[in-house]
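Colleague: Please walk me through the aromatic rings here. Start with the terms.

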Amino acid sequence: MADYGSQQIDNPDPNGTDPAAANADAQVPMTDADKALVKKIQSKVKADRKYHEKAFEKMREDMYMARHGRTKEYTDANYTANLCGRHVKQKTASLYAKNPKAVARRRETIDFTVWDENPKSLQLAMQTIQTATTMLAPPTDPATGQPAIDPTTGGPVQPQMPPEYQQAFATAQATLADFQQGMQKRTQIQKLGKTLEILFAQALREQKPVDFKTGAKQLVRRTTVTGVGYVELGFQREYGPRPAMMEKLADFRARLDHLRRLAEETTDPEDQIFPDDPEIAELAASIAALQSEPEVVIREGLIVDFPQSTKVIPDKLCQNLVGFVGARHVTIQYMYTCDEVEEVFGVDLEKGYTGYQQDGKSSEQEDRPATRVEPEEGSSYAPAGKGNGLVCVWKHYDKAAGLVYYIADGYPNWLRPPAAPDVFVEDFWPLYALTFNEVESEEELFPPSDVRLMRDQQMDYNRSRQGMREHRKAARPRWGYANGAIEEEDAKKLATMEPFDATGFNLQAGQKLADVLEPIPVPGVDPNLYETNQLFTDIQMVVGSSEAQFGGTAKATATESSIAANASASSDGSSIDDLDAFLTVVARASGQILLKEMSQEQVMAICGPGAVWPHMTLAEIADEIYLEVEAGSTGKPNQAVEINNWKEMLPFLIQMPGISPNWLARETVRRLDDNADLTEALSADMPSIMAQNGLAQISTGNPATDPNAQGGQGVNNAPKQGSQTAGSGPAFGSNQT
């Protein structure tokens, strides 16, 4: 969700504040205790990263296997069939079919103190009030029709309610007032929920540069390959950078940050920028580009980020990734250049940091050399030039302290002063993990991935096919000859001949080529030695993918294929449930962030003037409303099941009294996943189309066929063809004629 406001080009911040510069100024006073805390956090993060390094290496091996279909030790020249990649593609397609549809549901509460929520009690209260109103009506003179006059006082007769009705009347009034107050509260909450649904849907549509569907499919693919995937929620505000997140809304913020850094470099005397330096030309070109545009679009809204599996470093005491049970802290690792750090945080790292390679390894890790910026003798920092490696930035969530720390490896100061998390969620850290193969283990935190589970089958298949290739090559025909039987030049011709080549040989008179050459016995190719059906059987038992899903033509009966398909569907169904539960948690946290961060003006601009967006406390945000992803929204088969269940219920519902037709229409359209808007379609006091057609009956002139002679229902009196009784139907259609 975004606010498409425009700012002046020459002053993108009308308040005149530069968040990055203010952030840099705030870091200047660093006490010894602060420096000690920075060093402590750096040591803590490195210890966690070292503890999980074996798991991260397994993830990297699985990523290589899924991409290439082999291990690094298995050479590229050998036969390779990427079964892992095909399985990942098939599972991703079956699990994530479309974007989730979130529904805001009110937490169930008892909103009525007097009314017992029984319709009969409410009806009785209304009848009591109506009766009391009749009793309290001023009596009239039957002869004149004027109000009756009391002969004693000379004024109108004041009606009196019998004492036995006074208590009932007071109770009825209290019941009706309680009903109206409770329903008003529920209506407001329902409108708030509808507003939240619109905002969440808009937020999913505006994710850039990667839209939500692409990012979510990548998340499912990443979880299948590495065993775990993550989603981090954030909020991009109108002014100032959003530190240490990779995704951003599409606007001019990055360009403005880059322009600010160039302007600072060209005006700082310590940088010694000369007129012929490229920074001057880049600054001039950037200013010209901004001046040519009439307005600068700055957006505000929810951000959904998808960190890589190897970039999230849980606490080594964490017991479960889902919810980070037992974790005291969680760290997210980012790789930036020095210029990017200066643009985002307003901090110049030329004073010292640990340089990293592109693969995320530093000089402190074995077998991966990197540039280390060492201090000069006699100075506390080293004047490191840009380009000496990437900067490893850590975003460290400390749950016990309730703070988020931004630090860089090797840099002794804060990148940003410690503060509370940028967004509010109940779980403190807006980071959520998705797993499919969760198992109980006291030794390993990360569950095995599908690629890891089918690793042996993948390599055995490659080796089997490579062995057959070598065997077929060894079984090619070849010939031998006695030494001196033919000339050496002719032997070379024979060895290099192409099919259908005609070559002359120097043979003796009357000598045939068959007399000189003799076939060499070669082993025949036995296909049973390289049979792979048992490998696909193991793959199906391990990850649930059958041979047919890989495009194979197994010699299986229709019954066996149906059983295998049902087993695969059950495996996918379990993963779909995990994915829906994960998206439900993410949607609920997104709703809490939107309720806390979005302003009423933005909400009205996006959702319309009828939107409801009250100011709520954090406790009310956590308890009042939550977003829930509809079950089956991410899987194709569940929609058909839901539609079939609705078809079974519909005949009963239309016969029950008190069921609203408008509600039936909305529920039917929702289950059919149609975007039709019923607001314009519904009209009060309008009969159904079938009823209108029944009223407009054209006479045929023949009493036997005249529809007007068939009664008020017309042709509706005729028996229906193909009608079915309500109830459960057969599992398969009948072919009876």
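Modeller: Burial comes first. Buried means under 20% relative accessible area, exposed over 50%, and partly exposed in between (1.4 Å probe, protein chains only). This is a predicted model: local features need pLDDT of at least 70, side-chain atom pairs count only at pLDDT 80 or more, and totals for chains, interfaces and linings use all residues. Residues are numbered from 1 along each chain as its sequence is written, and side-chain values use heavy atoms, without hydrogens and water.

Colleague: How is a ring pair described?

Modeller: By the distance of the centres and the angle of the planes. Rings of Phe, Tyr and Trp (its six-membered ring) pair if their centres lie within 6.5 Å; planes under 30 degrees apart are stacked, over 60 edge-to-face, the rest tilted. The whole structure holds 13 aromatic pairs. F112 and F179 are stacked, because their centres are 6.5 Å apart and their planes at 15 degrees.

Colleague: Which parts does the pair of F112 and F179 tie together?

Modeller: F112 lies in the loop between β2 (102–106) and α5 (119–135), and F179 in helix α6 (residues 163–205), so the parts tied together are 67 residues apart in sequence. Helices (H or I, at least four residues) and strands (E, at least two) are DSSP runs, numbered from the N terminus.

Colleague: Are F112 and F179 buried or partly exposed?

Modeller: F112 is buried, at 6% relative accessible area. F179 is partly exposed, at 21%.

Colleague: What about F345 and Y406?

Modeller: That pair is tilted, 5.7 Å centre to centre with 55 degrees between the planes. F345 and Y406 are both buried.

Colleague: Which rings form a cluster?

Modeller: Ring pairs link Y230, F324, Y397, F428 and W429.
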